[in-house]
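This report describes a few local features of one protein model. Please look at the sequence and the structure before reading on.

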Amino acid sequence: MADIIHFRGPVLAAADQVRHGLWSVDGRLTFNKPATHPGRVLDGWVLPGFVDAHCHIGLGPAGPVDPPVAREQALADLTAGTLLVRDAGSPADTRWMQGGTEFPMVVRAGRHIARTRRYLRGFAEEVEPEGLVEAVRKQARDGDGWVKLVGDWIDRSGGDLAPSFPAAVVRDAVQAAHDEGARVTAHCFAEDTLDQMLDAGIDCIEHATGLLPRHLPRFAEQGVPIVPTLINIATFPDIAAQADAKFPRYAAHMRALWERRLARVAEAHAAGVRIFAGTDAGSVIRHGRIADEILALHSAGLPMAAALDAACWAARAWLGADGLAEGARADVVVCREDPRAVPGTIKALEHVVLGGRIIR
């Protein structure tokens, strides 16, 4: 006998498209009513499972975590409605999570690639400029179509943020990833790093706190999305306070980036730059906070439909994953009310369904 779930409520097949009548039959979605009665009926507003486009399952404050801890991280994301994760760099191999319906779907990027002694200890493969291209090729082959660069970090000799690698080397590295069939994203806090990455043909930017008006047309024209990680950027004042005594220029810079964080996101959205939701969970930020990031995007000025799109329909299409389509895997979240009108409803989901398995 088929395992059937009836989603009895409005179905948001897109941010502006409401349908009615959706079922899961043996873990696959259909808009055609089955002949057999459903085993379960779930009421509420139906959306595709959320996407966390910047998440670090397998990473903790000191580097890689053991599998039991990685499991707890993944399950925290799952119960919050994150059913697809774009790993944005992890020193732990999480391939053992892939392929089933116990954990969110994970698109892996391998390890971060950073300049030697210019990133958090234990997180990245650290290389000098002459080793960057080969490191990118290695991670491109090891991941699921993404490579993560650390584009800038504090340069202690200069006392402020600075690009990690020379511009020409970054161009060669991005081209090497593309030759391997992988896309490249980069951690970028500072303003000048964005020019370097756009010149190199980067595919995505994480954080993007240094966005200036001059950057916006290029982001839009080149089709480069940003993942602002606003709930992580909220920690910048604490980072600045810790750096004040030894690196006052860096501390002031971090505060300035934090002060304009919401305006930058609103300006990017108004300019037509694609924006995706990512929590940066895994080191400082706890897992399971995708709703907080969606609501932070809304607070930054995105209409709620657009904030949801950043973690639902558009995010899934960007990563090559199905939404609420005929025959798609039944990865669904159910809200009590229309989340476009009642944003807070996403923080208390009625149901989460992964591959036709009811999680909650």
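Two residues are in contact when heavy atoms of theirs lie within 4.5 Å. The model is a predicted one.

**Helix H1.** By this criterion, the buried residues of H1 pack against strands S6, S7, S9, S20 and S21. These buried residues are Ala70, Gln73, Ala74, Asp77 and Leu78. Seen down the axis of H1, they fall within an arc of 135 degrees, so they line one face of the helix. The face turned away from the buried side carries the exposed residues Pro68 and Glu72. H1 has 13 residues, which at 1.5 Å a residue should span 18 Å; the end C-alpha atoms are 18 Å apart, which agrees. After H1 comes Gly81, with a positive phi near 100 degrees.

| Strand | Residues |
|---|---|
| S6 | residues 50-55 |
| S7 | residues 59-60 |
| S9 | residues 82-87 |
| S20 | residues 351-354 |
| S21 | residues 357-358 |

**The open sheet.** Six strands pair in parallel in the order S12-S11-S13-S16-S17-S18. S12 and S18 stand at the edges with a single partner strand each, so one side of each has no neighbour in the sheet. Two bridges join S17 to S18, and Ile205 stands opposite Ile226 in S18. Helix H4 packs on the sheet and touches S16 and S17; the direction of H4 makes about 170 degrees with that of S16.

**Thr345.** This residue lies in the loop between S19 and S20. Is Thr345 buried or exposed? Thr345 is buried because its relative accessible area is 7%, and buried means under 20%. A polar atom of its side chain lies 3.5 Å from the backbone nitrogen of Arg336. Among the residues that Thr345 touches are Cys335 and Pro339.

Technical notes: Residues are numbered from 1 along each chain as its sequence is written. This is a predicted model: local features need pLDDT of at least 70, side-chain atom pairs count only at pLDDT 80 or more; totals for chains, interfaces and linings use all residues. Side-chain values use heavy atoms; hydrogens and water are left out. Helices (H or I, at least four residues) and strands (E, at least two) are DSSP runs, numbered from the N terminus. Buried means under 20% relative accessible area, exposed over 50%, partly exposed in between (1.4 Å probe, protein chains only). A polar contact is a pair of N or O atoms within 3.5 Å; within protein, one must be able to donate a hydrogen and the other to accept it, and residues adjacent in sequence count only if both atoms are side-chain atoms. Two strands pair if DSSP finds at least two bridges between them. Axes are lines fitted to C-alpha atoms, for helices over the stretch in contact, and angles run from 0 to 180 degrees between N-to-C directions. The expected span of a helix is 1.5 Å times one less than its number of residues. The arc is that of the directions from the helix axis to the C-beta atoms. Lists of a residue's contacts leave out its neighbours within four places in sequence.
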